[in-house]
Amino acid sequence: MKELEDRILKDGTVKPGDVLKVDAFLNHQCDVTLFNHMGAEWARLFSGKRVDKILTIEASGIGIACIVAQHFGNVPVVFAKKTQSINLDGDQYQAKVYSYTKQKEFPVIVSKRFLEPGEHVLLIDDFLANGKAMHGLIDICNEAGVIVEGIGIAVEKGFQRGGKELREAGYDVRSLAVIKDMDGDKGAIKFA
Ligand code: 5GP
(Lines give C-alpha, C1' and ligand atoms only; values in the text may rest on other atoms or scores of the structure.)
Protein backbone atom coordinates (compact mmCIF):
# COMPACT_ATOMS: atom_id res chain seq x y z
CA MET A 1 0.00 0.00 0.00
CA LYS A 2 1.81 3.03 -1.31
CA GLU A 3 0.36 5.48 1.21
CA LEU A 4 1.69 3.40 4.12
CA GLU A 5 5.07 2.88 2.47
CA ASP A 6 5.42 6.62 1.82
CA ARG A 7 4.51 7.37 5.42
CA ILE A 8 7.09 4.88 6.70
CA LEU A 9 9.74 6.57 4.52
CA LYS A 10 8.68 10.01 5.75
CA ASP A 11 8.19 9.38 9.48
CA GLY A 12 9.69 5.97 10.30
CA THR A 13 13.07 5.55 11.93
CA VAL A 14 15.25 2.47 12.15
CA LYS A 15 16.49 1.57 15.63
CA PRO A 16 19.18 -0.91 16.68
CA GLY A 17 18.08 -4.54 16.68
CA ASP A 18 16.08 -4.29 13.44
CA VAL A 19 13.31 -2.31 15.11
CA LEU A 20 11.34 0.14 13.00
CA LYS A 21 9.87 3.01 14.97
CA VAL A 22 6.56 4.24 13.57
CA ASP A 23 5.11 5.81 16.68
CA ALA A 24 4.39 9.11 14.92
CA PHE A 25 1.44 7.57 13.05
CA LEU A 26 0.86 3.87 13.84
CA ASN A 27 1.35 2.83 17.45
CA HIS A 28 1.65 5.81 19.77
CA GLN A 29 0.22 8.80 17.91
CA CYS A 30 -2.42 7.36 15.59
CA ASP A 31 -3.28 8.67 12.12
CA VAL A 32 -6.95 7.73 11.92
CA THR A 33 -7.26 8.71 8.25
CA LEU A 34 -4.43 6.33 7.41
CA PHE A 35 -6.09 3.58 9.54
CA ASN A 36 -9.27 4.14 7.54
CA HIS A 37 -7.43 3.71 4.25
CA MET A 38 -5.77 0.58 5.65
CA GLY A 39 -9.20 -0.78 6.55
CA ALA A 40 -10.47 -0.13 3.01
CA GLU A 41 -7.45 -1.93 1.58
CA TRP A 42 -7.88 -4.99 3.83
CA ALA A 43 -11.60 -5.04 2.99
CA ARG A 44 -10.57 -5.23 -0.69
CA LEU A 45 -7.90 -7.88 -0.07
CA PHE A 46 -10.20 -10.05 2.07
CA SER A 47 -13.36 -9.43 0.04
CA GLY A 48 -15.59 -12.49 -0.20
CA LYS A 49 -14.37 -13.82 3.14
CA ARG A 50 -16.70 -14.23 6.07
CA VAL A 51 -15.52 -12.11 8.99
CA ASP A 52 -17.63 -12.32 12.17
CA LYS A 53 -15.06 -10.76 14.46
CA ILE A 54 -11.64 -9.14 14.48
CA LEU A 55 -9.07 -10.38 16.99
CA THR A 56 -5.99 -8.36 17.87
CA ILE A 57 -3.55 -7.93 20.72
CA GLU A 58 -3.09 -5.02 23.10
CA ALA A 59 -2.04 -2.33 22.92
CA SER A 60 -0.98 -1.28 19.42
CA GLY A 61 -3.46 -3.44 17.55
CA ILE A 62 -6.56 -2.03 19.24
CA GLY A 63 -6.80 1.36 17.56
CA ILE A 64 -6.09 -0.07 14.12
CA ALA A 65 -8.58 -2.93 14.56
CA CYS A 66 -11.39 -0.64 15.76
CA ILE A 67 -11.12 1.57 12.68
CA VAL A 68 -10.67 -1.42 10.38
CA ALA A 69 -13.81 -3.12 11.77
CA GLN A 70 -15.90 -0.36 10.22
CA HIS A 71 -14.88 -1.70 6.81
CA PHE A 72 -16.09 -5.19 7.76
CA GLY A 73 -19.65 -4.26 8.74
CA ASN A 74 -18.80 -2.98 12.23
CA VAL A 75 -18.00 -6.47 13.50
CA PRO A 76 -16.88 -6.67 17.16
CA VAL A 77 -13.20 -6.26 17.93
CA VAL A 78 -11.71 -8.49 20.62
CA PHE A 79 -8.23 -7.80 21.89
CA ALA A 80 -6.07 -10.26 23.76
CA LYS A 81 -4.89 -8.88 27.09
CA LYS A 82 -1.32 -9.23 28.24
CA THR A 83 -1.88 -9.17 31.98
CA GLN A 84 -4.24 -10.83 34.38
CA SER A 85 -6.72 -8.53 36.06
CA ILE A 86 -9.57 -8.91 38.53
CA ASN A 87 -11.80 -7.65 35.73
CA LEU A 88 -10.99 -10.78 33.72
CA ASP A 89 -13.61 -13.08 35.15
CA GLY A 90 -14.62 -16.59 34.22
CA ASP A 91 -12.91 -19.01 31.90
CA GLN A 92 -10.11 -17.76 29.70
CA TYR A 93 -8.05 -18.90 26.78
CA GLN A 94 -4.38 -18.26 27.39
CA ALA A 95 -1.22 -18.62 25.31
CA LYS A 96 2.39 -17.60 25.82
CA VAL A 97 4.14 -15.13 23.51
CA TYR A 98 7.76 -14.02 23.37
CA SER A 99 7.95 -10.27 22.70
CA TYR A 100 10.40 -9.20 20.03
CA THR A 101 10.60 -5.59 21.19
CA LYS A 102 10.47 -6.22 24.95
CA GLN A 103 12.58 -9.40 24.80
CA LYS A 104 10.52 -11.26 27.36
CA GLU A 105 7.66 -13.74 27.51
CA PHE A 106 4.16 -12.60 28.34
CA PRO A 107 0.72 -14.24 28.38
CA VAL A 108 -2.06 -13.40 25.94
CA ILE A 109 -5.49 -13.86 27.45
CA VAL A 110 -8.98 -13.84 25.93
CA SER A 111 -12.16 -14.45 27.86
CA LYS A 112 -13.98 -17.53 26.57
CA ARG A 113 -17.18 -15.46 26.37
CA PHE A 114 -15.88 -13.51 23.39
CA LEU A 115 -14.92 -16.33 21.00
CA GLU A 116 -17.73 -18.66 19.96
CA PRO A 117 -16.81 -21.98 18.32
CA GLY A 118 -17.42 -21.80 14.58
CA GLU A 119 -16.96 -18.04 14.29
CA HIS A 120 -14.80 -16.72 11.44
CA VAL A 121 -12.10 -14.40 12.70
CA LEU A 122 -9.73 -11.92 11.06
CA LEU A 123 -6.46 -11.36 12.94
CA ILE A 124 -5.01 -7.84 12.79
CA ASP A 125 -1.74 -6.45 14.16
CA ASP A 126 0.61 -3.56 13.58
CA PHE A 127 3.80 -5.59 12.99
CA LEU A 128 4.84 -9.06 11.92
CA ALA A 129 8.43 -10.01 12.76
CA ASN A 130 9.07 -13.58 13.92
CA GLY A 131 5.38 -14.36 14.16
CA LYS A 132 5.26 -15.04 17.90
CA ALA A 133 2.31 -12.72 18.59
CA MET A 134 0.32 -14.20 15.68
CA HIS A 135 1.09 -17.76 16.78
CA GLY A 136 -0.19 -16.89 20.25
CA LEU A 137 -3.46 -15.61 18.78
CA ILE A 138 -3.71 -18.65 16.48
CA ASP A 139 -3.22 -20.99 19.48
CA ILE A 140 -6.13 -19.25 21.20
CA CYS A 141 -8.25 -19.47 18.02
CA ASN A 142 -7.54 -23.20 17.75
CA GLU A 143 -8.43 -23.77 21.36
CA ALA A 144 -11.64 -21.77 20.92
CA GLY A 145 -12.62 -23.64 17.74
CA VAL A 146 -12.83 -20.47 15.64
CA ILE A 147 -11.72 -20.27 12.01
CA VAL A 148 -8.86 -17.92 11.11
CA GLU A 149 -10.05 -16.40 7.81
CA GLY A 150 -7.00 -14.24 7.34
CA ILE A 151 -4.23 -12.22 8.92
CA GLY A 152 -3.93 -8.50 8.22
CA ILE A 153 -0.61 -6.93 9.11
CA ALA A 154 0.28 -3.26 8.72
CA VAL A 155 4.08 -3.66 8.54
CA GLU A 156 5.76 -7.00 7.87
CA LYS A 157 9.50 -7.22 8.28
CA GLY A 158 10.01 -9.59 5.39
CA PHE A 159 13.58 -10.36 6.39
CA GLN A 160 12.31 -12.05 9.56
CA ARG A 161 10.66 -15.42 9.39
CA GLY A 162 7.11 -14.88 10.69
CA GLY A 163 5.36 -14.15 7.38
CA LYS A 164 7.03 -17.00 5.51
CA GLU A 165 6.15 -19.53 8.23
CA LEU A 166 2.53 -18.42 8.47
CA ARG A 167 2.05 -18.52 4.67
CA GLU A 168 3.69 -21.95 4.51
CA ALA A 169 1.26 -23.09 7.21
CA GLY A 170 -1.56 -22.04 4.86
CA TYR A 171 -2.67 -18.75 6.41
CA ASP A 172 -3.83 -15.93 4.15
CA VAL A 173 -1.43 -13.20 5.31
CA ARG A 174 -1.93 -9.74 3.79
CA SER A 175 0.66 -7.19 4.80
CA LEU A 176 0.19 -3.61 3.63
CA ALA A 177 3.91 -2.83 3.68
CA VAL A 178 6.60 -5.49 3.49
CA ILE A 179 10.10 -4.35 4.35
CA LYS A 180 12.81 -6.16 2.46
CA ASP A 181 15.72 -4.46 4.10
CA MET A 182 16.42 -1.62 6.53
CA ASP A 183 19.84 -0.14 6.81
CA GLY A 184 20.19 1.48 10.20
CA ASP A 185 23.32 3.46 9.29
CA LYS A 186 21.83 5.29 6.37
CA GLY A 187 18.22 4.95 7.49
CA ALA A 188 17.39 3.39 4.13
CA ILE A 189 14.23 1.31 4.08
CA LYS A 190 13.53 -0.91 1.07
CA PHE A 191 10.16 -2.51 0.36
CA ALA A 192 9.55 -5.90 -1.23
P1 5GP B 1 6.54 -11.00 16.35
O2 5GP B 1 5.69 -11.57 17.44
O3 5GP B 1 5.99 -11.22 14.97
O4 5GP B 1 7.98 -11.43 16.46
O5 5GP B 1 6.55 -9.44 16.57
C6 5GP B 1 5.37 -8.70 16.41
C7 5GP B 1 5.06 -7.88 17.61
O8 5GP B 1 6.26 -7.26 18.10
C9 5GP B 1 4.11 -6.78 17.22
O10 5GP B 1 2.93 -6.92 17.97
C11 5GP B 1 4.83 -5.48 17.55
O12 5GP B 1 4.20 -4.88 18.65
C13 5GP B 1 6.24 -5.87 17.94
N14 5GP B 1 7.26 -5.54 16.92
C15 5GP B 1 8.03 -6.41 16.23
N16 5GP B 1 8.91 -5.77 15.46
C17 5GP B 1 8.68 -4.46 15.62
C18 5GP B 1 9.29 -3.28 15.06
O19 5GP B 1 10.23 -3.29 14.26
N20 5GP B 1 8.78 -2.09 15.47
C21 5GP B 1 7.74 -2.01 16.36
N22 5GP B 1 7.30 -0.79 16.67
N23 5GP B 1 7.15 -3.10 16.91
C24 5GP B 1 7.63 -4.31 16.54
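The model is predicted, and local features need pLDDT of at least 70, side-chain atom pairs count only at pLDDT 80 or more, while totals for chains, interfaces and linings use all residues. Residues are numbered from 1 along each chain as its sequence is written.

An unreviewed UniProt entry lists Ala129, Asn130, Gly131, Lys132 and Ala133 under "binding site"; such positions follow the numbering used here, feature names are shortened, and annotations may be inferred rather than shown by experiment. Two of these residues are set out below.

| Residue | Location | C-beta atoms of others within 10 Å |
|---|---|---|
| Asparagine 130 | loop between strand S7 (120-128) and helix H4 (132-144) | 15 other C-beta atoms |
| Lysine 132 | helix H4 | 17 other C-beta atoms |

Helices (H or I, at least four residues) and strands (E, at least two) are DSSP runs, numbered from the N terminus. Asparagine 130 is partly exposed, as is lysine 132, a residue being buried with 20 or more other C-beta atoms within 10 Å of its own, exposed with 12 or fewer, and partly exposed in between, with C-beta atoms placed from the backbone. Leaving aside neighbours within four places in sequence, lysine 132 is in contact with Val97, Tyr98 and Tyr100.

Of the 19 residues around the ligand, Phe127, Ala129, Asn130, Lys132 and Ala133 come nearest, a residue being near if its C-beta atom, placed from the backbone, lies within 6 Å. Strand S7 gives the most to this shell, with four residues.

Key: Two residues are in contact if their C-beta atoms, placed from the backbone, lie within 7 Å.
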